[in-house]
Amino acid sequence: AYDALTEEQKQIYDEVLYAILNQKESIMLSTVDDGELEVAYQAVNADYGGLFWISGYVCTQYKIANIVTALEFTPQYTMSLEERETMQTQVDERAAEMLGGITMADSDYAKAKYVYELLAREIEYDTEAENNQNILSVFLEGRTVCQGYACATQYLLNQLGVSCVIVTGSTDGTPHAWNMAVLDGAPYYMDTTWGNAKYLNGNAELNGIVNYDYLNITTAELTKTHRIETDFPLPECDANLDNYYVKEGLYYTDWYPDEMGALYRNAWESGNSVVSLKFADAALYMEAKDYFIKNQGLGKYCNGLENYYYLENPEQNILTIHFGER
């Protein structure tokens with residue numbers, strides 16, 4: 001977010017960040033424009049998901065003859081410096097434990113996938129969770145909402161050396177938060193909250209199952225379901241090499257029914273309960289849905305299959321099969 005700001009906004013950003021990190025009671029800013037302060041403050045929060053000890057700010061304008069001559073920034077803290085340091089130690093210990101299965105030497109894609117899976121599987125979506133607007137809910141309670149997921153995603157990826165920003169906006173008119181991460185030099189969107197399949201579909205049977213539909217997607221794909229409402233500009237995400245389905249060989253640009261069927265068969269025979277395929281366009285997606293579901297082509301490849309259900313994602317052209325017990 002810092003890189004997207006003007007030089008004046010960057011100066012304000014630095015001043016705001018300095019005050020928050022050093023837990024200053026208040027500071028005078030280099031601007032008299034409270035709108036520029038708000039942009040800088042939002043950018044700081046987008047770049048630093050670990051600021052769990054702050055919950056907003058008060059802006060005081062000083063005027064002479066009704067003209068603003070100075071602006072004072074007063075952060076609103078939720079705890080003392082001593083309490084913050086104690087909490088930070090606990091967060092660091094838990095974050096290190098959670099990152100035990102990945103290293104700095106791994107690829108950017110592997111890091112993003114690891115964090116996405118980790119949070120989607122282990123952190124429960126709970127609107128009643130304490131501190132659900134910051135990372136304490138994730139690392140100390142294991143329960144959070146979208147803001148907590150987004151902050152924790154940014155925090156963990158930064159620990160792994162991956163540049164990541166928190167993006168705010170809405171879905172279906174409801175406020176929402178997710179991330180943009182830079183992988184192998186290209187930006188991608190990822191929504192860890194929607195990676196929690198149980199949350200996204202409201203199905204208890206999906207508990208612990210990861211929905212990969214929103215792992216490393218383009219702007220065009222994201223904006224079918226998400227509305228971006230940041231105070232700073234974001235780059236266009238148009239790369240797909242690190243998209244989950246492309247990277248895992250589950251993405252099709254042409255009709256290869258036997259090859260697709262083999263993927264379903266391998267999952268069925270190996271005991272995997274879920275397999276998803278992504279298609280390049282709506283026509284190919286519908287062809288696959290008609291062939292495997294409507295015309296029962298799935299039975300041709302999965303011998304003995306009696307019980308399954310499927311999930312549709314027409315916005316992303318993804319068809320997911322959930323196999324029942326054998």
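1. A word on terms before you look around: a pocket here is an open set of grid points with protein on both sides within 12 Å along at least five of seven lines, and its lining residues have an atom within 4 Å of a point. Please keep in mind that this is a predicted model.

2. With that in hand, turn to the second largest pocket, which holds about 430 Å³ of space. Its lining is made up of 22 residues. To find the centre, look for Gln42, Asn45, Gln133, Gln147 and Cys151, the lining residues that lie nearest to it.

3. Which elements each supply at least two residues of this lining? They are the helices α2 (34–47) and α6 (146–159), together with the strands β2 (54–64) and β6 (164–171). Of the contributors, α2 gives the most, with four residues.

4. Where do the two helices touch? From α1 come Glu8, Gln9, Ile12, Tyr13, Val16, Leu17 and Ile20, and they meet Glu36, Leu37, Val39, Ala40, Tyr41, Ala43, Val44 and Asp47 of α2. Sorted by class, the residues of this contact are 11 nonpolar, three charged and one polar.

Key
Residues are numbered from 1 along each chain as its sequence is written. This is a predicted model: local features need pLDDT of at least 70, side-chain atom pairs count only at pLDDT 80 or more; totals for chains, interfaces and linings use all residues. Side-chain values use heavy atoms; hydrogens and water are left out. On a 1 Å grid over the protein atoms alone, a cavity is a set of points where a 1.4 Å probe fits but cannot get out, and a pocket is an open set with protein on both sides within 12 Å along at least five of seven lines; lining residues have an atom within 4 Å of a point. Grid points are joined across faces, edges and corners, and a volume is the space filled by probe spheres set on the points. Contact means heavy atoms within 4.5 Å. Ala, Val, Leu, Ile, Met, Phe, Trp, Tyr, Cys and Pro count as nonpolar, Asp, Glu, Lys and Arg as charged, and the others, Gly among them, as polar.
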